[in-house]
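Work through the exercises below with the structure open beside the text. Each task is followed by a solution in steps.

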Amino acid sequence: MDGDSLHLTARALRFDVDYRKLLGEFRGRANVLRAFYYTAIVDNQDYSGVRPLLDWLDYNGFTVVSKPVKEFSDERGRRKFKGSMGIDLAVGVMQLSEQLDEIFLFSGDGGFSSLVRAVQRRGVRVTVVSSCSTQPTVIADELRRQADDFIDLAQLQSRIERNSGRMEEHM
């Protein structure tokens with residue numbers, strides 16, 4: 001899971017993901033070997049809003065892969081942040097691809113099209129989970145076309161949406 005992409009897609013569809021339900025949904029579709037959640041985090045903040053989610057995921061069946069974002073100043077002196085987990089996600093997929101029959105890639109990033117092609121050449125089926133139900137769409141056309149199958153997150157919403165309430169109960 002490209003955590004940032006999944007979060008932005010769900011937000012564009014106006015719902016929060018219940019990760020327990022999400023994992024259950026995909027365990028019902030396949031034998032889930034690992035559920036990886038990739039995200040860049042801002043480490044120098046006193047409190048990161050994503051930290052409780054990452055801790056919960058880590059204790060509830062997900063393998064969290066994170067790294068700190070890099071902070072820099074642009075030519076006008078404005079603080080900017082840069083953090084991408086694309087390479088980390090691609091390396092992880094390639095490392096596991098010889099042991100897998102299918103990968104569910106939660107991302108709409110067209111940069112993953114070459115990764116999808118590479119694992120397909122190894123005989124791995126790739127299902128991309130993102131959305132074309134948003135305006136504008138959050139999935140790159142080339143990624144959707146390259147995938148063996150596509151699942152629109154909007155179609156899963158009723159089964160994976162988080163109810164309001166305490167995070168521990170509804171993640």
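**Exercise 1. The chain as a whole**

Task: State how many helices and strands the protein chain has, and what share of its residues count as buried.

Solution. Step 1: this is a predicted model, and the mean pLDDT of the protein chain is 88. A value of 70 or more is reached by 88% of the residues. Step 2: one stretch, residues 166-170, has a pLDDT below 50, and it has ten contacts in the model beyond near neighbours in sequence. Step 3: the secondary structure consists of eight helices and seven strands. Step 4: the chain has 171 residues, and 40% of them count as buried. Step 5: take the contacts between residues at least 6 apart in sequence; 60% of these join residues at least 24 apart.

**Exercise 2. Helices H2 and H7**

Task: Describe how helix H2 and helix H7 cross, and find which residues make the contact.

Solution. Step 1: locate H2 at residues 19-27 and H7 at residues 153-160. Their axes come within 9 Å and cross at roughly 115°. Step 2: angles of 65 to 115 degrees count as roughly perpendicular, so H2 is roughly perpendicular to H7. Step 3: the crossing of H2 past H7 is right-handed. Step 4: H2 contributes Lys21, Leu22, Glu25 and Phe26 to the contact, and H7 contributes Leu156, Arg159 and Ile160. Step 5: sorted by type, the residues of this contact are four nonpolar, no polar and three charged.

**Exercise 3. Helices H4 and H5**

Task: Find the crossing angle of helix H4 and helix H5, and sort the residues of their contact by type.

Solution. Step 1: H4 covers residues 86-96 and H5 covers residues 113-121. The two axes come within 10 Å, with a crossing angle of roughly 5°. Step 2: angles under 35 degrees count as roughly parallel, so H4 and H5 are roughly parallel to each other. Step 3: on H4 the contact is made by Leu89, Ala90, Val93 and Met94, and on H5 by Leu115, Ala118 and Val119. Step 4: these residues divide into seven nonpolar, no polar and no charged.

**Exercise 4. Two residues and their surroundings**

Task: Is methionine 85 buried or exposed, and is isoleucine 41 buried or exposed?

Solution. Step 1: methionine 85 sits in the loop between strand E4 and H4. Its relative accessible area is 9%, so methionine 85 is buried. Step 2: leaving out residues up to four places away in sequence, methionine 85 touches Tyr38, Thr39, Ala40, Val65, Ser66 and Lys67. Step 3: isoleucine 41 belongs to strand E1, residues 36-41. Its relative accessible area is 5%, so isoleucine 41 is buried. Step 5: isoleucine 41 and lysine 70 are 29 residues apart in sequence, with 9.2 Å between their C-alpha atoms.

**Exercise 5. Backbone details in loops**

Task: Which peptide bond is cis with omega near -5°, and what is the phi of arginine 14?

Solution. Step 1: the cis bond runs from glutamine 135 to proline 136. Step 2: proline 136 lies in the loop between strand E6 and helix H6. Step 3: arginine 14 is not a glycine, yet its phi is positive, about 65°. Step 4: arginine 14 lies in the loop between helix H1 and H2, and its relative accessible area of 75% makes it exposed.

Definitions and conventions:
Residues are numbered from 1 along each chain as its sequence is written. This is a predicted model: local features need pLDDT of at least 70, side-chain atom pairs count only at pLDDT 80 or more; totals for chains, interfaces and linings use all residues. Side-chain values use heavy atoms; hydrogens and water are left out. Axes are lines fitted to C-alpha atoms, for helices over the stretch in contact, and angles run from 0 to 180 degrees between N-to-C directions. Helices (H or I, at least four residues) and strands (E, at least two) are DSSP runs, numbered from the N terminus. Angles under 35 degrees count as roughly parallel, over 145 as roughly antiparallel, 65 to 115 as roughly perpendicular and the rest as oblique. A crossing is left-handed if the near helix is turned anticlockwise from the far one by less than a right angle, and right-handed if clockwise. Contact means heavy atoms within 4.5 Å. Ala, Val, Leu, Ile, Met, Phe, Trp, Tyr, Cys and Pro count as nonpolar, Asp, Glu, Lys and Arg as charged, and the others, Gly among them, as polar. pLDDT is the predictor's confidence in each residue, from 0 to 100. Buried means under 20% relative accessible area, exposed over 50%, partly exposed in between (1.4 Å probe, protein chains only).
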